[in-house]
Amino acid sequence: MADDFDLLETDSSSAKQEKVDVNWGKAIDQMKSKLSQEDDPEMRQKILNATLDDVVDMAEKDRTTLLDAIKDLTDYQDEVGIIFEKFSTLNANEQKVIDNAQKRLEKAKVELDEAEAVKDNWWNNLWGRKSKIKKREEELKAAQKAREDADITAKQMFQERIEKADVQTLLSELSYKSQAAVSRLKNREVEIKEVEEKLQEAIVEASKNHTKALEKKKEVEDKLEEQYALLKQARQELDEVADKQSTEYSEAIGKVTTLEQKVEELEGLKNAYTTLAASKDSFVHKHNLTIKVLTSLRSNLQTHRAKLKSDTDERLKYYDGYVIALKARTDQEFAAILEHLGVKTDEHIGETLAAMHTASAKARQDMMENIPVHEKMMKGIYSSYAEALQEIRTKDVEIQKNFAERYGIDMKEIFEEYYAVDPTAPSDSDGEGGDDPAPAPKPEEDDLLG
């Protein structure tokens, strides 16, 4: 059947879809498993009983957890085909390994193009054109191999570096990976959108072909009806021929055979167009389902990307606070060491001075006479101390009220447990107020630091 449209013809001009390689592995499951094990039932007790030395251990655990996560993420990058150097923060040496290999590769490509551009004639071939091309091809292969090896080398250098990295470096790497993931999610959204648009076009095309197939089927059915009538008439004429050995009978048989072939051909076309119509109708629904799934996935990706981008921006500030807190803890420990050393030095000097005065009973008597003065001073000190504690307790009541009003959090039980004494009880005036279980006043409220 001659026609400008025939669904039975194979369309070889359709555009090829770019293949997306995703080799899923076990890395993501391993990361999930490790993260799920991070719940610690003793967390509250650790906070309540924490010392500066405990903080060191907790910070080291943070570093170890981060290090394991970075390693797993790096392995995951390889398994799902993410380019390593575009998903990790490389230092100058690591980046240089990749850059040098890339420059060598680009240079090899240019030199090969230049060698191949030399005119192919006997004179240039006499002067080594073909040998130069072969040499440049070998150099290109070597450069391509070196470029691949550069990624491996840079990755090894990166892994060795983060093994010894501090928390700040690991947090920076985690933030960089998050930012790189935002770009990757955005690219995936664009890719899905492009596929959705192609599927929309496919639905329109499939619907048109479905309609055309039904039209062709109707044309064939009309022709079949005509041929069935002609075949019935031809068979009747054949039956009416009396002489089975005559030329008339042979012609009648030939006519019937021709009509039967025509009917068979048309029935085949009818079945073909019926099948194609059903197939196109099926793909309309399949494409529609695929679009719905892709749209849902794209929407979820948008949600993850938006949240990850926003949270990463906030985490950068959060991590800065964490890092400076670690540094402050170190400074505080350093100050405590200096204070301890000063106290010990004071003690030694005191011992020396005391030894100097042992020969003088008068000095000992003077020292004893100073004891009541000292007692009086200590009484004043403890009174000030009690006043400061009272101010802190009053302030805590305001804080509780503020938390309850602003966040709906009732801090009363926590504070009552923290101050397990009557906040209105007067301080001990005999100099033994130091047994109060309440914590020492905060540095900013200590007038000795003014």
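Residues are numbered from 1 along each chain as its sequence is written. In this predicted model, local features need pLDDT of at least 70 and side-chain atom pairs count only at pLDDT 80 or more, while totals for chains, interfaces and linings use all residues; side-chain values use heavy atoms, with hydrogens and water left out.

**Exercise 1: the overall fold**

Find how many helices and strands the protein chain has, and what share of its residues is buried.

Solution. Start with the elements: helices (H or I, at least four residues) and strands (E, at least two) are DSSP runs, numbered from the N terminus. The protein chain has ten helices and zero strands. Next comes burial, where buried means under 20% relative accessible area, exposed over 50%, and partly exposed in between (1.4 Å probe, protein chains only). Of the 450 residues, 23% are buried. Finally, take contacts, meaning heavy atoms within 4.5 Å. Among contacts with a separation of 6 or more, 82% join residues 24 or more positions apart.

**Exercise 2: a negative patch**

Work out which helix supplies the largest share of the negative patch.

Solution. Patches are made of residues with over 30% relative accessible area and no salt bridge, with like charges joined within 9 Å and nonpolar side chains (Val, Leu, Ile, Met, Phe, Trp, Tyr) within 5 Å. A salt bridge is a side-chain nitrogen of Lys or Arg within 4 Å of a carboxyl oxygen of Asp or Glu. The members here are Asp-113, Glu-114, Glu-116, Glu-137 and Glu-138. The largest share, three residues, belongs to helix 4. Glu-116, for one, sits in helix 4 and is partly exposed, at 39% relative accessible area.

**Exercise 3: a nonpolar patch**

Identify the residues that form the nonpolar patch on the surface, and give their accessible area together.

Solution. The patch consists of Trp-122, Trp-123, Leu-126 and Trp-127, with about 600 Å² together. Such areas come from the Shrake-Rupley method with a 1.4 Å probe; for residues, only the protein chains shown count as cover. Now pick out Trp-123, which is found in helix 5 (residues 122-126). Its relative accessible area is 46%, so Trp-123 counts as partly exposed.

**Exercise 4: the end of a helix**

Decide whether Asp-239 is buried or exposed.

Solution. First place Asp-239 in helix 7 (residues 167-240). Its relative accessible area is 62%, so Asp-239 is exposed. Then look along the chain: Ile-253 is 14 residues from Asp-239 in sequence, and their C-alpha atoms are 9.8 Å apart in space.

How values were computed. Lys and Arg count as positive and Asp and Glu as negative; His and the chain ends are not counted. The place of a charge is taken as NZ of Lys, CZ of Arg, CG of Asp or CD of Glu.
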